[in-house]
Amino acid sequence: PQEKLSDAQKILKNTYSAQILLAKDDPEAAYALTNINLPSDTPRPVLAKYHETRATVLHEKTEYFAAAKERIFLNSYLDDAHMIYENYHSLWKSLSHLSPDELDAHRADDTGILTSWLELTVLYKTMLQNTMNLEDAIATWQQRYPDHPALHNIIPDIIDRSRQLPKQPLQVALLLPFTGKYNNASIAIREGFMAAWYESKYNKPIIRIYNTDADNVVEIYEQAIVEGAEFIVGPLQKSSISNLIKHGDIKVTTLVLNQYDGELDATNNFNASSLPAIIQFGLSPEEEAKQVAERAWFDGHARAISITMRNERGRRVNNAFVSHWQKLGGTILDHISIGQSIEELTNAIRSVLNIDQSEQRSKDLRNKLQRSLKTESRRRQDIDLIFMAVPPTTARQVVPQLRYYRIADIALYSISNIYTGNINTSADSDINDVLFIDMPWIIDLENKYSPLNRMIERYRKPTHSAYKRFYALGIDAYRLIPRIAELILQPSKQYEGKTGYIKLDEEGRVHRRLIWARFVDGKPELSDATGLN
């Protein structure tokens, strides 16, 4: 019983409850439990457990500076040397998530014990890829802080990491399937990749291009290594990536152009490099669906219907949207998967809006009263959001039918596949007011008139107009090569790419934040970013 607990036991109860909430991926609720006043007579072991938990909660809430400060408090209650060592490493991990600008801002405000840590973190962030300058700067730092706890464990790791960072590769291999159904996509990726290579001015590597598929990917990969590749981009097909990871020997950093569905090795690291062996970079519709869920929730919607195609891709996209929407707190009222038949489409929309039920009620009433009645079908009133993941031809049928049933007060959101990438005002007027997510290369007019785009358009075949997004994938794949180390080591840093605002996590997954547009008079117009970019 709560009333029988001592003050120390109450703190412990809150602390362990917060840890359970963290395990359930609910740091906000965990934070509320640790936001308490501590009695002056609280025992040291209880204080240690409390501050360690609160520091972890703050880190999970991405309040990295506050988490580091909490680690300083925690250190006052630790007696074990190993625990002190682990605490300093956790403190360093939190500070490492801060950008150089954030670090400078905190340095201006902080005059306490964290000042030395903040100065060291700035050196790490700004000089890691220049080992000589980094070592000189750290030597100067050490003169000011000769007894600093980072001297014996963290600084040697920083210097080792700097020395191990790979340099710009002299030769890059591009592995793509130029036969079969992926031929056109591969050509677009290659042309974007090479356009970025031509446009770059300095340290241009030799590029070798290989035709590969799921059957020969391991052999071609080995051939590329033998012929001098120091970095590999590709393969593209999921089956090829799977075969390479399961049966190949990953000798150099490899930027695969899709997501791997299996589990990578726990570290995914080379012994001689701090970078992951496999970097995963793809145009994932599932990630787009999650960003749509975030934007819709941010905009104040709560009750959604999902409309996707009846295929494997539609199933994956719907699952991604539904799981993320529910995680945010939204409610899924219904989902329809549709094929190509207009009649089937009409019936599905009538059903999901409960139009057929409304008409059946009218029919039952007429039969009961045995007289002619003038009735009007009414749709369900509990929807405030419709999420769509359908191609343009289908969307041009779906949206007018939805509007026929008076959905003006329901917001329409979509992923990028609603837009062909080519302006067609007469056809796309049918999908006016739909808010959708896409990459800057497609909907930001600055890219349309850029020298790089003009170079690609000059040589692009008309048959490849549907593959515009793959040109952007090729451009970013090339431009990421020299930036991978920096992005991996600075999780808060992002690169403004053609496929989106790009970040890399420590496991080597590329995360793209896309931008928003709304169809107005049949054309996409950039929408506000609502702070999500």
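Two strands count as paired if DSSP finds at least two bridges between them, and strands (E, at least two residues) and helices (H or I, at least four) are DSSP runs numbered from the N terminus. What you're looking at is a predicted model, where local features need pLDDT of at least 70, side-chain atom pairs count only at pLDDT 80 or more, and totals for chains, interfaces and linings use all residues. Residues are numbered from 1 along each chain as its sequence is written, and side-chain values use heavy atoms, with hydrogens and water left out.

**View A. Strand 14 and its two partners, strand 10 and strand 15**. Strand 14 (residues 515-520) pairs with strand 15 (residues 523-526) in the antiparallel sense, over four bridges. The two make a hairpin with two residues between them, and Asp521 in the turn has a positive phi of about 55°. Look for Val520 here: its bridge partner in strand 15 is Lys523. Strand 14 also pairs with strand 10 (residues 435-438), again antiparallel and over four bridges. In that pairing, Asp438 stands opposite Ile515.

View B. Four bridges hold the antiparallel pair of strand 12 and strand 13. Zoom in on Lys503 and you'll find it opposite His511 in strand 13.

**View C. The second largest pocket**. A pocket here is an open set of points on a 1 Å grid over the protein atoms alone, with protein on both sides within 12 Å along at least five of seven lines; a cavity is a set of points where a 1.4 Å probe fits but cannot get out, and lining residues have an atom within 4 Å of a point. Grid points are joined across faces, edges and corners, and a volume is the space filled by probe spheres set on the points. This pocket holds about 1,400 Å³ of space. Its lining counts 34 residues, with Thr62, Tyr64, Lys503, His511 and Arg513 nearest the centre. Among the elements giving two or more residues to that lining are helix 2 (27-34), helix 3 (44-60), strand 12 (501-504) and strand 13 (510-513). Helix 13 supplies the largest share, four residues. Sorted by type, the lining has eight nonpolar, ten polar and 16 charged residues. For that sorting, Ala, Val, Leu, Ile, Met, Phe, Trp, Tyr, Cys and Pro are nonpolar, Asp, Glu, Lys and Arg are charged, and the others, Gly among them, are polar.

**View D. The largest cavity**. Search the whole structure and you get one cavity of 30 Å³ or more. The largest cavity has a volume of about 50 Å³. Its lining is Gln259, Gly282, Ser284, Glu287, Val510, His511 and Arg512. Strand 13 gives the most, with three residues. By type, that lining is one nonpolar, four polar and two charged.

**View E. Strand 6 beside strand 7**. Strand 6 (residues 303-309) is mostly covered, with six of its seven residues buried (buried is under 20% relative accessible area, exposed over 50%, partly exposed in between, using a 1.4 Å probe and protein chains only). Strand 6 runs parallel to strand 7 (residues 331-338), and seven bridges join them. Met309 stands opposite Ile338 in strand 7.

**View F. The largest nonpolar core**. A nonpolar core is a set of buried Ala, Val, Leu, Ile, Met, Phe, Trp, Tyr and Cys residues joined through side-chain atoms within 4.5 Å. Helix 10 (residues 183-199) gives the largest share, nine residues. A second, separate core of 20 residues includes Val292, Ala296, Val322 and Leu514.

**View G. Around Tyr471 in helix 22**. Tyr471 sits in helix 22 (residues 468-480) and counts as buried because its relative accessibility is 2%. Leaving aside neighbours within four places in sequence, Tyr471 is in contact (heavy atoms within 4.5 Å) with residues including Ala188, Glu191, Trp441 and Arg460. Tyr471 and Ile189 are 282 residues apart in sequence, yet their C-alpha atoms are 4.9 Å apart in space.
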